[in-house]
Amino acid sequence: MSQSDAHGRTTLADYRAALSTPGARRPMIASLLARLPIAMIGISALLFVQHETGSFAAAGLVSAGALVGVAAGSVIQGRIIDRFGPTRPLLVVTAMFVVAMTALAVAIEAHAPTPLLVTLAVGIGVTEPMTGSASRALWARLVPAGPAREAAFAYEAISMETFFILGPGLAGVLIAAPWPGTGMVLGAACMVTGAVLFALSPAVREWGPSQERGGRLLGALASPGMRTLALAALGFGMVIGFVEVAVPAAADAAGHVALGGVLLSVWSVSSVGFGVAYSLRPWPRRLPVRLPVLLALFGVLVAVLALPETLWVLAIAMLGAGALITPQSTAHSTTIEIVAPKGTAAEAFGWVLTAITLGLAFGQSVSGYLVEHSGPPAAFLAAAGCALVLATVVWFLRHTIRPPVPAWAAAVPA
């Protein structure tokens with residue numbers, strides 16, 4: 001069986017082996033601290049802007065600016081980390097993040113013009129330390145290829161989804177603090193502390209500059225398999241973006257606007273709960289087939305969300321749809337291991353984050369229009385349509401999910 005056909009099946013013993021790997025504990029704990037506020041800072045900034053300006057439009061633009069910054073920064077930082085190792089780049093970008101975050105907090109408090117707030121939000125996204133990319137790449141250095149490494153990647157996906165559950169809730173609680181910017185600043189402090197501790201941990205400091213000299217402008221995207229993976233990640237982000245707008249709108253239409261966030265947490269909880277079970281027996285068995293099949297099933301289950309007429313039934317349907325979130329995230333990490341060119345692991349993960357972020361932005365913007373003009377069911381069906389279209393494209397490109405051919409080998413005549 002080829003590497004691209006590997007099952008990716010793990011056991012609980014593989015999780016124990018990965019998490020108890022010598023040298024992994026300190027960077028693992030630091031990475032958890034750095035990523036805990038990953039979904040908290042953007043929501044906190046949005047709520048802070050809305051509180052100070054009274055405008056959801058301005059707040060939405062600031063949030064979108066941060067997403068654009070993350071989309072660009074994840075790839076740039078990933079490429080630099082692959083080239084020089086994580087320690088120096090993370091320390092430098094973390095210092096820049098502190099400056100950008102301070103500037104945004106001061107500007108919001110001073111009721112600065114919206115274009116300035118958006119510009120600063122982009123700066124925050126670009127400089128947000130990509131500890132997650134470095135952490136994911138570090139596992140490939142600490143754990144040998146096999147089930148234990150697959151378990152480490154599954155752990156990364158599950159922990160990230162957990163933070164996406166906790167982040168918005170913490171932001172919602174802290175907006176009620178005496179100073180409405182408390183959540184944004186506290187989240188930034190947590191992220192900075194974790195990034196610095198991660199960068200200075202012994203296992204990370206031993207990760208020196210790469211000897212690879214790729215030189216290609218596309219970097220990791222020079223691999224056809226990476227481009228196919230990026231399409232799958234784009235579809236994944238689109239579906240989530242549609243749902244994140246349509247579900248609160250459905251709750252609002254039912255006269256229970258406060259339940260919108262609760263319903264989104266329901267599908268996140270389902271994702272985490274199902275994630276470990278799925279990693280023990282992943283399906284489909286062949287990874288090239290797994291990407292399009294999981295994306296297509298995700299679209300079908302999201303289409304079902306258009307049917308319920310009550311929020312209780314919608315919550316049950318959300319449990320079913322959410323069960324496929326973490327399996328897709330895990331499949332993305334496993335695919336990177338196969339298709340990313342040598343020496344581009346952090347950048348490759350950055351491209352996946354960028355594709356998901358761009359998908360989120362597209363899905364949220366289109367979903368907002370559909371919800372306003374046609375209602376939430378139209379947004380759910382559009383999400384399903386996007387998923388099925390991109391799943392079809394990924395299906396026809398599934399043969400590219402294989403180890404890339406080195407440049408020197410491609411240049412040698414047959």
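**Entry 1: a phenylalanine to start with**

Is F242 buried or exposed? I am working with a predicted model, and there F242 has a relative accessibility of 1%. The cut-off for buried is under 20%, so F242 counts as buried.

I then looked for its ring partner. F242 pairs with F362 in an edge-to-face arrangement, with 6.4 Å from centre to centre and 75° between the planes. F242 belongs to helix α11 and F362 to helix α16, so I noted a link between distant parts of the chain, 120 residues apart.

How do α11 and α16 pack, and at what angle? I found helix α11 (residues 224–253) and helix α16 (residues 345–373) packed at about 35°, with 6 Å between their axes. Their crossing is right-handed. I also sorted the residues of this contact by class: 23 are nonpolar, seven are polar and one is charged.

**Entry 2: other aromatic rings**

I counted the aromatic pairs in the structure and got six. One of them is F242 with F362.

Next I turned to F274 and Y278. Their ring centres lie 6.1 Å apart and their planes meet at 40°. Why do I call this pair tilted? Planes under 30 degrees apart would be stacked and planes over 60 edge-to-face, so an angle of 40° makes the pair tilted. Both residues sit in helix α12 (residues 259–280), and being four residues apart they are separated by about one helical turn. F274 is partly exposed, at 35% relative accessible area, while Y278 counts as buried, at 9% relative accessibility.

I also wrote down one aromatic cluster, made up of F236, W267 and F298.

V49 is buried, with a relative accessible area of 0%. I also took a distance from V49 to A296: their C-alpha atoms are 37 Å apart, and along the chain the two are separated by 247 residues.

I kept the backbone for the end, with one reminder to myself: most residues other than glycine have a negative phi, and most peptide bonds are trans.

Which peptide bond did I flag as cis? The bond from W283 to P284 is cis, with omega near -5°. P284 has its place in the loop between α12 and α13 (287–304).

I flagged H111 too, since its phi is near 55°, a positive value in a residue other than glycine. H111 is in the loop between α5 (87–109) and α6. Its relative accessible area is 47%, so H111 is partly exposed.

Note on methods:
Residues numbered from 1 in each chain as written. Predicted model: local features only at pLDDT ≥ 70, side-chain atom pairs only at ≥ 80, totals over all residues. Heavy atoms only, no water. Axes fitted to C-alpha atoms, helices over the stretch in contact; angles between N-to-C directions. Helix = DSSP H or I, 4+ residues; strand = E, 2+ residues; numbered from the N terminus. Left-handed = near helix turned anticlockwise from the far one by under 90°. Nonpolar A, V, L, I, M, F, W, Y, C, P; charged D, E, K, R; others polar. Phe/Tyr/Trp six-rings, centres within 6.5 Å; stacked < 30°, edge-to-face > 60°. Buried < 20%, exposed > 50% of the residue type's maximum accessible area, 1.4 Å probe, protein only.
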